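Hello,

Here is the structure I promised to pass on to you.

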Amino acid sequence: MPTEAVPTTVTLTPQQALWLELMPFYTREAWLLDERKLREWLTLFTDDVLYFMPRRKNVPRREAHRELTAPGDLAILEEDKRYLEMRVARLDSGMAWAEDPPSRTRHMVGNLEAETLANGEVKARTAFLVYRSHLETDHQLLSGYREDVLRRVDGAWRIARRTIVLDANVLLDKNLSVFL
Amino acid sequence: MGDARKYNVIDPATGKVDRSIFVERAIYDEEMAKIFGRAWLMIGHESLVPKPDDYFHTYMGEDPVILTRDGSGRLHALLNMCRHRGNRLVRCDDGNAKRFMCAYHGWTYRNDGALETVPGKSEAYYDALDFAAMSLIEARVDTYAGIVFATWAKDAPSLEAYLGDARWYLDTVFNRRDCGMQALGPTKWLEPANWKTMVDNCSDNYHVPTSHLSSAAVQSRFLGRPRLSHDDQFHSPNKHVFVNGHSLTFRDADDNMPRYMHGVSTETMQLFEEYHRDTQAEVERRLGKLRARQVQLGNHSIFPNGVLGFRLALPRGPLKTEFWHFVLLDNDAPEALKRVIRIGSMANNGAAGMFEQDDVDNWRQVTEASFSHTARGYAQDLSMGVGHAGSHPDYPGVVSERYISENNQRLFYQRWEQFMNAGGWADIPLEPIRARFDGTATMHG
């Protein structure tokens with residue numbers, strides 16, 4: 001049978017090109033977190049970042065708009081860059097007992113969907129499963145998604161806003177001392 | 001009663017505490033009846049159910065409870081249990097509903113607890129079901145400055161008597177303004193520790209410069225907050241005081257400074273100072289000069305399970321506690337100030353709070369030391385400052401001479417014994433109200 005000619009180039013839609021650009025960004029971020037390179041991890045955020053984790057309530061299906069607490073309500077985390085830097089500096093002190101000795105974590109990040117916004121920034125959603133093992137036998141699986149706004153700063157993507165939504169009402173872990 | 005008492009778990013002269021009270025299931029079960037079945041328990045805040053027919057789902061110990069505001073505005077604490085088989089009526093955290101329908105067989109109750117509709121009332125029950133006897137089980141409710149308390153005990157004293165002179169101090173945070181406060185939250189998480197350990201920790205300022213050194217150090221570096229050392233703590237003019245089971249600490253300084261709160265930094269200090277100045281006349285009118293200027297409530301617990309203000313340590317078995325973190329804000333405070341306090345509160349406390357996350361492994365291991373054979377043979381030691389507390393000319397309650405003391409913790413476990421050894425409220429001592437409540441503030445705002 002005659003073989004058909006194999007095309008030598010693949011044309012990507014802008015959407016696919018964006019996906020291929022962002023997936024390694026998120027893979028790199030996961031390795032930075034799991035290898036505890038947190039100062040390097042901090043450089044992935046813009047100076048005006050909002051790192052936000054709302055609470056997640058049990059509400060009737062028809063009131064789904066109330067499921068996540070709104071900005072201005074009490075959240076689990078609502079941090080700016082300085083607070084994130086403070087948290088990382090704290091871990092370096094040798095006396096941040098929740099993480100000293102440190103947790104063993106594995107961030108599995110996938111299900112990436114990205115769209116370019118009118119102002120050139122990108123909205124990117126990813127799902128995560130993060131395994132945390134601490135001290136002798138403590139362990140926890142944290143499931144959820146992130147919705148990021150990414151901005152190009154000096155040619156590199158930076159996270160300008162991160163909303164983290166955990167798949168939990170009562171958090172089952174003893175504390176939340178790892179980054180998501 | 002002496003040796004006839006069933007529970008004799010702390011020796012006040014040595015501060016030795018029997019470790020079994022932290023892990024034994026039978027003791028825990030008895031706590032649920034004799035402490036959580038009797039005491040006035042914090043269950044919510046009026047601002048969580050602001051409108052008629054609002055509800056907020058909460059707990060009294062392990063019992064699920066619906067806090068409702070009925071159509072006429074009255075508050076109810078209703079056991080979340082259908083009287084038929086025991087299913088929960090409410091499965092949501094909060095909402096607005098005139099009625100609650102059981103998802104099992106459709107029994108429907110009004111939000112004041114009355115049973116209204118039963119499918120097959122005539123066809124299946126032959127009109128023999130006594131509706132009036134099948135209302136939802138209701139607890140007694142009262143409020144203090146917007147905080148909602150409830151008790152199952154019919155023989156319990158009034159909430160005012162229960163809080164007693166502790167309110168003299170609590171007012172300096174919870175009852176400052178005419179506008180009242182607003183509760184935001186909760187963040188909820190499960191800690192693997194006995195509930196009593198996190199309650200007694202509220203008066204343990206001894207742990208702060210060790211457990212929380214890393215957080216204090218970075219906050220001093222990044223936010224300009226004061227440094228924290230053992231020496232500062234040992235020489236602090238602050239005091240500990242104990243009333244009716246409630247363990248309080250307070251700042252005692254006649255410098256009329258803004259209250260130390262979450263969110264204070266060199267940049268935000270001006271906001272706090274302005275607010276302090278702008279509200280000073282009102283606070284003095286409400287609380288009198290001494291409390292408005294000199295006394296500032298610090299870390300404290302409200303017996304049995306209120307932890308640092310309106311935050312709850314909900315028992316979930318001897319080795320588990322569900323923690324609920326709320327933040328309370330003065331209703332009429334400037335939005336900029338509310339934001340700063342809210343964000344500061346999240347950064348410090350809650351599951352991810354920099355301070356709070358460092359506590360849990362300590363509490364867990366203190367609890368678990370009661371398990372292994374050799375360890376459990378050695379009692380906990382709460383001997384610090386034995387013999388150095390008593391009455392004070394200016395301040396109500398049992399006041400410790402020094403700020404760093406385990407006096408409140410010893411008294412907390414003695415209060416625990418009083419509840420556990422009592423046959424009813426008649427056997428539980430209450431200190432009479434002796435404090436002079438200067439100013440216009442009352443129990444209800």
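To start with something you can check on screen: how far apart are the centres of domain 1 of chain B and domain 2 of chain B, taken over C-alpha atoms? The separation is 33 Å. Please keep in mind that this is a predicted model.

**The two domains of chain B**

The domain assignment places domain 1 of chain B at residues 41-142 and domain 2 at residues 165-427. Where they touch, eight residues of domain 1 are in contact with 10 residues of domain 2. On the domain 1 side, strand E3 (residues 41-45) of chain B gives the largest share, three residues. That side is made up of four nonpolar residues, three polar and one charged.

**The largest nonpolar core**

This core has 126 residues, and the members that touch the most others are B:Leu41, B:Ile43, B:Val65, B:Leu67, B:Phe149, B:Ala150 and B:Tyr169. Helix H3 (residues 166-174) of chain B supplies its largest share, six residues. Both domain 1 (41-142) and domain 2 (165-427) of chain B contribute residues, so the core lies between them.

Leaving aside residues up to four places away in sequence, B:Ala150 touches B:Leu41, B:Ile43, B:Met60, B:Ala77, B:Ala139, B:Arg140 and B:Val141.

Strand E14 (residues 239-243) of chain B runs antiparallel to E15(B), and five bridges join them. In this pairing, B:His240 has B:Thr249 as its bridge partner. The two strands form a hairpin with two residues between them, and B:Asn244 in the turn has a positive phi of about 50°. E15(B) also pairs with strand E16 (residues 295-302) of chain B, again antiparallel and over five bridges. There, B:Phe250 stands opposite B:Leu297.

**Chain A**

Chain A has three helices and six strands, which follow the pattern α-α-β-β-α-β-β-β-β along the sequence. Its C-alpha atoms fill a box of roughly 65 × 45 × 40 Å along the principal axes. Of its 180 residues, 26% count as buried. Among contacts between residues at least 6 apart in sequence, 56% join residues at least 24 apart.

Strand E3 (residues 104-116) of chain A pairs antiparallel with strand E4 (residues 122-134) of chain A over 11 bridges, and A:Met108 has A:Leu129 as its bridge partner. Five residues lie between these strands in their hairpin, where A:Gly120 in the turn has a positive phi of about 90°. E4(A) then pairs with strand E5 (residues 138-153) of chain A, also antiparallel, over 13 bridges. Here A:Thr126 stands opposite A:Arg146. The hairpin of E4(A) and E5(A) has three residues between the strands, and A:Leu135 takes a positive phi near 50°.

**Where the chains meet**

How many residues of chain B are in contact with chain A? There are 35, and they touch 32 residues of chain A. On the chain B side, the elements giving two or more residues are strand E13 (181-191), helix H6 (213-223), strand E19 (321-330), helix H9 (335-348) and helix H10 (360-368). By class, this side of chain B has 18 nonpolar, nine polar and eight charged residues.

How values were computed
Residues are numbered from 1 along each chain as its sequence is written. Chains are lettered from A and ligands numbered from 1 in the order in which they are written. This is a predicted model: local features need pLDDT of at least 70, side-chain atom pairs count only at pLDDT 80 or more; totals for chains, interfaces and linings use all residues. Two residues are in contact if their C-beta atoms, placed from the backbone, lie within 7 Å. Helices (H or I, at least four residues) and strands (E, at least two) are DSSP runs, numbered from the N terminus. Ala, Val, Leu, Ile, Met, Phe, Trp, Tyr, Cys and Pro count as nonpolar, Asp, Glu, Lys and Arg as charged, and the others, Gly among them, as polar. A residue is buried if 20 or more other C-beta atoms lie within 10 Å of its own, exposed if 12 or fewer, and partly exposed in between; C-beta atoms are placed from the backbone. Two strands pair if DSSP finds at least two bridges between them. Domain bounds come from an automatic or database domain assignment. A nonpolar core is a set of buried Ala, Val, Leu, Ile, Met, Phe, Trp, Tyr and Cys residues joined through C-beta atoms within 7 Å.
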